[in-house]
Amino acid sequence: MTPDQFKNQMIGLLPRLRRFALSLTRSGPDADDLLQDACTAALAKWQQYDPSQPFDRWMFRVLRNLWMSELRKRKVRQGEGQVDAHDSAELRAPGDQDDQMTARQVRQKVADLESDLSQPMLLVCAEGYSYREAADLLGVPIGTVMSRIHRARKQLVSSLSSEVVGQT
Amino acid sequence: MNEFSEQLSAYLDGELDEKAAEAVEARLADDPHAQAQLDALMQADAFAREEFSAQLDEPVPFALAQQIKTTQIQSQPPPRSRPVWGALAAGLVLVAIGGLGGYAYKGAVTPIQTAGWLADIADYHAVYASEVRHLVEVGADESDHIETWLGNTVGARFDIPDLTSFGLTFQGGRLLVANAKPVAQLMYLDADGAVVALCLQRSATSPQGAPEFKEQQINGFDFISWSANGADYVVIGPMDQENLNAVAEKAALEV
């Protein structure tokens, strides 16, 4: 692979990289900063990329590693860590919303999923990762991927109708 | 019970082993409530995919694409045991070329400069015309997404022209950067595997009347370019492509 091919692939991948960055950071400005840093880092070490491996997976890993290191820095600076997905997720009682939400509102709920839930959901449902691959990238056990995807779906289901929720 | 819901979720992702999947299917077959649960999960997935897909249509930071393109990266790993004299000799050659004076060098690049964005397009085409696996970033099956995403990013609306009457099958598209502006590149393949691309870029000027087609050859490719509707367009193909003029005219009508 030539440097130009490498750079062109990276440019072509930007929409999907930015989407993954959004699922990690849950904030547009943070996602853009992370994207910028990841591209700079990848360009600097592009010779470490093995062309026999999928380029998108390699870039996702670069992005994810940078974000973990950014979180560690923030933790040191602010004396606080990553917000646990449970915190807000569990506060939402299934019964406290109207029977049906509009499609737009449900989509907003997808955008509002906690980072811990949004990452595996994006990787598996939109990027075609297996549980094993998602677990490798996210550095968590397979069982955690499975339960987080389930939790993400349950949160979305709860906004669809209150009927199915509660009977499970 | 919640355990079953988690099983259903994993079942949706094809992540259950055969035995567990059969158990889920057996229960789905005679428990309407289980089926309703599965339907709800699938409905949630549909909304999730819709939102994830919409996120792809957001324009990417163009400054970043430009920065990637202009960043210089080494084409070869530095040799581990390169003799010092080799480096010195290479340095001397560079000095010697530099010493010959800028005029000759400037003279040599002038034709490419006049080509403007087309020179960049020619570079890209040389790369992609030989690519089979990575010909496009977004495949033809996502044509709507290509039109929305690339249209938004480039800042010029377009429809993907149907060029099948020339034996050209649409393969998909990708985002390029040429002349410091975003370019939408739409790729077509003919039956022999030759790559023909249609590229477009937003333009400040928009001539009135019928488009004027301009033919050029750059780096062994034929270029037919025109401007219309606030955008510059070019069709690129191999030099022996006979009907490229007709392709460009059809593309100009449909794009």
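Trainee: Which residues have the most contacts inside the largest nonpolar core?

Mentor: Leu63(A), Leu200(B) and Val235(B). The core holds 100 residues. Keep in mind that this is a predicted model.

Trainee: And which element gives the largest share of this core?

Mentor: Helix α1 of chain A, residues 3-25. It supplies 10 residues.

Trainee: Back to Leu63(A). What is it in contact with, leaving aside its neighbours within four places in sequence?

Mentor: Leu17(A), Phe20(A), Ala21(A), Leu34(A) and Ala38(A). Two of those names come back in α2(A), where Leu34(A) and Ala38(A) are buried.

Trainee: Let's step back to chain A. How many helices and strands does it have?

Mentor: There are 8 helices and 0 strands. Along the sequence, chain A reads α-α-α-α-α-α-α-α.

Trainee: What percentage of its residues count as buried?

Mentor: Chain A has 168 residues, and 40% of them count as buried.

Trainee: How about contacts in chain A with a separation of 6 or more: what share comes from residues 24 or more positions apart?

Mentor: That share is 67%.

Trainee: Now α2(A). How many residues, and what reach from first C-alpha to last?

Mentor: The helix has 17 residues and reaches 24 Å. That is close to the 24 Å expected at 1.5 Å a residue.

Trainee: Which of its residues are buried?

Mentor: Ala31(A), Leu34(A), Leu35(A), Ala38(A), Cys39(A) and Ala42(A). They cover an arc of only 135 degrees around the axis, so they sit on the same side of α2(A).

Trainee: Why would residues three or four places apart point the same way?

Mentor: Because an α-helix has 3.6 residues a turn.

Trainee: What covers the buried residues of α2(A)?

Mentor: The cover includes α1 and α3 (55-78) of chain A. Helix α4 (62-70) of chain B is part of it too.

Trainee: And which exposed residues are on the face turned away from the buried side?

Mentor: Pro29(A) and Ala44(A).

Trainee: What is the phi of Arg26(A)?

Mentor: Positive, about 60 degrees, although Arg26(A) is not a glycine. Arg26(A) lies in the loop between α1 and α2 (28-44) of chain A.

Trainee: How many other C-beta atoms are within 10 Å of it?

Mentor: There are 17, so Arg26(A) counts as partly exposed. A residue needs 20 or more to be buried, and 12 or fewer to be exposed.

Trainee: Switching to chain B. How do β5(B) and β6(B) run, and how many bridges join them?

Mentor: They run antiparallel, joined by 5 bridges. Strand β5 covers residues 214-218. Glu215(B) stands opposite Ile224(B) in β6(B).

Trainee: What sits in the turn of that hairpin?

Mentor: There are 2 residues between the strands. Asn219(B) is in the turn, with a positive phi of about 50 degrees.

Trainee: Next pair. In which sense do β6(B) and β7(B) pair, and over how many bridges?

Mentor: In the antiparallel sense, over 8 bridges. Ser227(B) stands opposite Asp232(B) in β7(B). These strands form a hairpin as well, with 2 residues between them.

Trainee: Where is Asn229(B)?

Mentor: In the loop between β6 (221-228) and β7 (231-238) of chain B. Its phi is positive, about 50 degrees, although Asn229(B) is not a glycine.

Trainee: How many other C-beta atoms does Asn229(B) have within 10 Å?

Mentor: There are 15, so Asn229(B) is partly exposed.

Methods: Residues numbered from 1 in each chain as written. Chains lettered and ligands numbered in written order. Predicted model: local features only at pLDDT ≥ 70, side-chain atom pairs only at ≥ 80, totals over all residues. Core = buried A, V, L, I, M, F, W, Y, C linked by C-beta atoms within 7 Å. Helix = DSSP H or I, 4+ residues; strand = E, 2+ residues; numbered from the N terminus. Contact = placed C-beta atoms within 7 Å. Expected span 1.5 Å × (residues − 1). Arc of directions from axis to C-beta. Pairing = 2+ DSSP bridges.
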